[in-house]
Amino acid sequence: MSSPRQSLTGAQLVALAALVVVLGLTAVFAFRILFVLFAGVLFALILRAAAGWVSRVTRLPYVAVLTALVLLGIGSTVLGGVLLVPRVGEQLETLSRELPKIIDGARDRLKETPVINHFLSPDAGAQPDPKKLAAAALAGLGGSVQVLSGLVVAFFIGVYGAAQPQMYSDAALAITPRRYERHVERALKETAHNLTRWLWGRILAMIFVGVSTSIVFHLLHIPLALTLGVFAGFLTFIEYAGAILSAFPPVLLGFSQSPTVGLAVLSAYVVLHVVEGYVITPLLARASVHLPPALTLAAQALLGELCGILGLTFSTPLFVVGVSAVKAFREENARQ
């Protein structure tokens with residue numbers, strides 16, 4: 001018979017039952033809300049880490065630093081929106097209008113290569129419909145815009161979470177049986193540590209890819225260089241799959257000009273993402289949880305199929321949570 005210390009109290013049972021019901025109903029009828037909440041947690045972690053580091057360096061109060069960072073972020077977002085959003089919006093409209101022509105042009109250019117022409121010939125099978133390809137590409141872009149709109153809500157969740165992180169940890173421990181309190185506490189700390197390091201790695205990788213691809217596209221005279229660079233930088237958040245998704249528009253634009261330009265864009269893209277994936281990210285996330293590429297891609301495929309673009313976007317950090325929590329539970333069990 002278990003001791004009272006190891007069993008759930010009546011209040012804990014009610015709280016756990018309510019939590020399971022709410023999460024179950026949300027997962028069935030409004031699963032996107034769960035991803036928005038998770039995005040808020042990610043933002044809270046990175047905001048807390050940044051504010052904590054600045055506070056330690058400057059010896060200023062944490063709350064003051066956090067407030068300053070939030071106001072600076074809001075001001076930068078508004079300024080960037082005023083300066084860049086109209087230009088990027090015009091370029092996206094141009095891209096959506098010209099994409100079918102670009103695909104036709106790229107296909108005509110590729111026909112100049114005998115080997116590729118064999119696969120594009122009518123005898124090789126049905127050719128892809130440019131309008132369908134354009135619609136698919138724009139649907140993916142629209143999904144990314146939907147993710148960004150959800151981050152507005154996640155922003156406020158992140159601010160509150162970064163302001164009082166201990167309160168939410170205490171709430172999680174309050175409904176945990178005392179027998180497992182140390183397990184859950186360690187799992188929360190390990191998960192927060194690994195997610196924070198993974199996030200820093202992703203953010204710096206996004207900046208590297210966004211800046212470098214914008215410069216390369218500009219040097220190669222690719223239209224919409226800034227928009228495509230920003231798009232590539234954002235999609236770098238999705239490990240492995242993001243690089244593939246963001247490669248299609250610039251490569252198509254390159255091949256629409258000439259096979260040489262298309263191959264140059266493709267080569268530059270491969271080189272930059274090899275540097276990001278095999279040099280920058282491993283160095284930045286050396287102390288984080290190790291994620292096997294095959295399992296990461298499997299998680300992306302599974303959540304992408306189940307939950308669409310949101311599942312694909314957050315599959316890797318959710319994988320980090322799962323691996324970190326299981327590892328923490330096993331290590332805590334080994335200590336006892």
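Q: Is E185 buried, exposed or partly exposed, that is, which of these does it count as?
A: E185 counts as partly exposed, at 36% relative accessibility. Buried means under 20% relative accessible area, exposed over 50%, and partly exposed in between (1.4 Å probe, protein chains only). This is a predicted model, in which local features need pLDDT of at least 70, side-chain atom pairs count only at pLDDT 80 or more, and totals for chains, interfaces and linings use all residues. Residues are numbered from 1 along each chain as its sequence is written, and side-chain values use heavy atoms, with hydrogens and water left out.

Q: Which side chain meets E185 in a salt bridge?
A: The side chain of K189 does, at 3.7 Å from N to O. A salt bridge is a side-chain nitrogen of Lys or Arg within 4 Å of a carboxyl oxygen of Asp or Glu. K189 and E185 are 4 residues apart in helix α7, about one helical turn. Helices (H or I, at least four residues) and strands (E, at least two) are DSSP runs, numbered from the N terminus.

Q: And how many salt bridges are found in the whole structure?
A: The search finds 3. One of them joins R186 and E331, with the closest N and O atoms 2.7 Å apart. R186 lies in helix α7 and E331 in helix α11 (residues 293-335), so this pair ties together parts 145 residues apart in sequence.

Q: What about E276 and R202, buried or exposed?
A: E276 is buried, with a relative accessible area of 7%, and R202 is buried at 2%. Their side chains meet in a salt bridge of 2.6 Å, N to O.
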